[in-house]
Amino acid sequence: MHKETQAIHAAMEVVNNNPDIVPPVHRSTVYQLDKEGRSEGDWHYTRLENPNRVQWEHVLKVMEDGEAAAAFSSGVAAAAGVFQSLEPGDHIIIPEDVYAGNRKLVNNIMNPWGLESDFIDMTDLTNIKNHLKENTSLIWIESPSNPLMNIMDIEAICDLAHENGAVVCVDNTWPTPVNQMPLKLGADLVIHSTTKYFGGHSDILGGAVISKEQDDFFEQIRMVQRTGGAVPSPDDCWMLARSTRTMPYRMKGHNNNAERLAFYLQDHPKVQDVFYPGLPSHDGHKIAKKQMSGFGGMISFLIKGPQQDAIEIVGRSKLIGRATSLGGVESTWEHRRSSEGEGSITPKNLIRISVGLEHPDDLLEDLEQALG
């Protein structure tokens, strides 16, 4: 071979004789086809299939106890994959207090596309019944909700939805499968922004849909994933699978630290109210205790004062980072209304904190000086 040919093909000639303990990253965008031509099920292009994505989707379905999973490039892309698998004219019910990105997705993209939606209080089962329509095809649950930490009875809502022929999708980003297993409670689909606790280090963007059954509806989601092309890179899939190895242990730390901070905030004279499902005073504590094995690392609280006071408290932090998003090993907080922007229904005096894995005494010291 000439040097030009050797430079291209020499690396293909060496094969690892022993299995890898840590799987490699497969960056190839194309795959060699048989000399007889392509057969059904053959991989040929990485947008459709990639070894790292297949591995990552296997991890996801095992963690959520599902039958199939589809990985996306972001949490909103995963949500869009579910909504786009419905038909124009279908009706969905979605929580009034829901992640702002999904609210914008529904209002700005899916409604003009032809989806009908009602954003309602979903802590009241009767209210859900009153909003059911003949064309209601999907009920979306976010429990705990973002940012008010509303708790919805997943099992009861699933029973109601299935009696009326609707699919249930649960956003399980905040609890993670370490703390909550929606598919075991009757849900059909689980969605994640894997950017958050699965990634765990604030350095990977991703999303996923996990299905209880590998049925026709999931295959439609898979078609949207592959055809729409909002897929994660091999490197992102490798990183997410790697990070998941420590997630159960990280979540124990998030749970413990958040519980300690929640009880502290509950007794602070400058705090009006604390939203954390692990507090016995929380309106949804009884249901949360029934369907969650841990209460997560997220806390929202109202300060006694106007919006500017909340902004100034966040600004005084020395250890807790001033940033949006959540789920990293580092603690972050934000004046949530400012982050959500136009259309936000979040109280103006609300602060949302993602409690990280620092020593809780250090976090409490920073809270004390920031609150004043």
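View A. The rule finds 14 residue pairs in polar contact across the interface of domain 1 and domain 2, both residues at pLDDT 80 or more. A polar contact is a pair of N or O atoms within 3.5 Å; within protein, one must be able to donate a hydrogen and the other to accept it, and residues adjacent in sequence count only if both atoms are side-chain atoms. On the domain 1 side that touches domain 2, helix 4 (100–113) and helix 7 (176–179) each supply at least two residues. Helices (H or I, at least four residues) and strands (E, at least two) are DSSP runs, numbered from the N terminus.

This is a predicted model, in which local features need pLDDT of at least 70 and side-chain atom pairs count only at pLDDT 80 or more, whereas totals for chains, interfaces and linings use all residues. Residues are numbered from 1 along each chain as its sequence is written, and side-chain values use heavy atoms, with hydrogens and water left out.

**View B. Domain 1 (3–242) and domain 2 (248–371) of the chain.** The bounds come from an automatic or database domain assignment. Between the C-alpha centres of domain 1 and domain 2 the distance is 27 Å. In contact (heavy atoms within 4.5 Å) are 29 residues of domain 1 and 38 residues of domain 2. The two domains bury about 2,700 Å² between them, with 58% of it on carbon and sulfur atoms. Buried area is the accessible area (1.4 Å probe) that two parts lose on being put together, summed over both.

**View C. Salt bridges between and within elements.** A salt bridge is a side-chain nitrogen of Lys or Arg within 4 Å of a carboxyl oxygen of Asp or Glu. The structure holds 11 salt bridges, and the rule finds 1 across the interface of domain 1 and domain 2. Lys-290 is joined to Asp-153 by a salt bridge whose closest N and O atoms are 3.1 Å apart. Another links the side chains of Arg-53 and Glu-57, at 3.8 Å from N to O. Arg-53 and Glu-57 are both in helix 2 (residues 51–64), 4 residues apart, or about one turn of the helix.

View D. Two strands pair if DSSP finds at least two bridges between them. Strand 6 (residues 189–192) and strand 7 (residues 207–211) run antiparallel and are joined by 4 bridges; Val-190 has Ile-210 of strand 7 as its bridge partner.

View E. Over 4 bridges, strand 8 pairs with strand 9 (residues 298–303) in the antiparallel sense. Phe-301 in strand 9 is the bridge partner of Val-274.

View F. Most residues other than glycine have a negative phi, and most peptide bonds are trans. The peptide bond from Ser-143 to Pro-144 is cis, with omega near 0°. Asn-146 and Pro-147 are also joined by a cis peptide bond, with omega about 10°. Pro-144 is in the loop between strand 4 and helix 6, and Pro-147 is in the loop between strand 4 and helix 6. Ser-202, in the loop between strand 6 and strand 7, has a positive phi near 60°. Ser-325, in the loop between strand 10 (321–322) and strand 11 (332–335), has a positive phi near 65°.
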